[in-house]
Amino acid sequence: QLKEVVQLTESLPKKTNVILLNAEFTPQPPSAAREFVDSFDIVYSLLPLAIQGFMSNKNGALFRAFQDSKSFLWRAFMEEPEKTGRDKWKPVGSWKTRPNAKQLEDAMYGSGAGDSPVNKAIGGFRGMFGR
């Protein structure tokens, strides 16, 4: 299917805008598609993320939506349950270019570190026995 899509887009006049919708797009397309995929600007993307931690699992999302040329960033959010029973999305990172897996992992784990029961216990011991 990629070959037909590439041929179609190449047959269009140079300044034609093309919108490509692909619900199954992966962060790492096949190498044969890399040049074609990289020729597009992503104006809207919502990628759900699942973070498996030692003590708990959390949900997150990577989001990008065109607002204006200055705030066109990739943003990562973590889902945090509120006392009301509803979920709240906490921003944990933003990048000018699409973040790689390591950048996302660092942002997600860094965000949850303060809430970790292990880190809270260590903080308690430090408070009890001096700094």
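Q: Where does Arg64 lie, and is Arg64 buried or exposed?
A: In this predicted model, Arg64 lies in strand 2, which covers residues 57-65. To judge burial, we look at relative accessible area, and under 20% means buried. Arg64 has a relative accessibility of 10%, so it counts as buried.

Q: Which residues is Arg64 in contact with, leaving aside its neighbours within four places in sequence?
A: A contact here means heavy atoms within 4.5 Å. With those neighbours set aside, Arg64 is in contact with Ile42, Val43, Tyr44, Ser45, Phe72, Leu73 and Trp74.

Q: Trp74 is on that list. What does Trp74 touch, not counting residues up to four places away in sequence?
A: Trp74 touches Ile42, Ser45, Leu62, Phe63, Arg64, Gly93, Ser94, Trp95, Lys96, Thr97, Arg98 and Pro99. Trp74 is also one of the 11 residues of the largest nonpolar core.

Q: Now for the surface. Which residues form a nonpolar patch there?
A: The patch is made of Val43, Tyr44, Leu46 and Phe66, which together have about 450 Å² of accessible area. Take Val43: this residue lies in the loop between helix 2 (34-38) and strand 1. Because its relative accessibility is 47%, Val43 counts as partly exposed.

Q: How many salt bridges does a search of the whole structure find?
A: The search finds two. To read one, look at the distance between a side-chain nitrogen of Lys or Arg and a carboxyl oxygen of Asp or Glu, which must be within 4 Å. Lys90 pairs with Glu80, and their closest N and O atoms are 3.6 Å apart. Lys90 lies in strand 4 and Glu80 in strand 3, so this pair ties together parts that are 10 residues apart in sequence. Lys90 is partly exposed at 30% relative accessible area, and Glu80 is partly exposed at 22%.

Q: And where do Lys102 and Asp106 lie?
A: Both lie in helix 3, four residues apart, about one turn of the helix. Asp106 is partly exposed, with a relative accessible area of 40%.

Methods
Residues numbered from 1 in each chain as written. Predicted model: local features only at pLDDT ≥ 70, side-chain atom pairs only at ≥ 80, totals over all residues. Heavy atoms only, no water. Core = buried A, V, L, I, M, F, W, Y, C linked by side-chain atoms within 4.5 Å. Buried < 20%, exposed > 50% of the residue type's maximum accessible area, 1.4 Å probe, protein only. Patch = residues over 30% accessible without salt bridge, like charges linked within 9 Å, V, L, I, M, F, W, Y side chains within 5 Å. Areas by Shrake-Rupley, 256 points an atom, 1.4 Å probe, with all protein chains shown as cover. Helix = DSSP H or I, 4+ residues; strand = E, 2+ residues; numbered from the N terminus.
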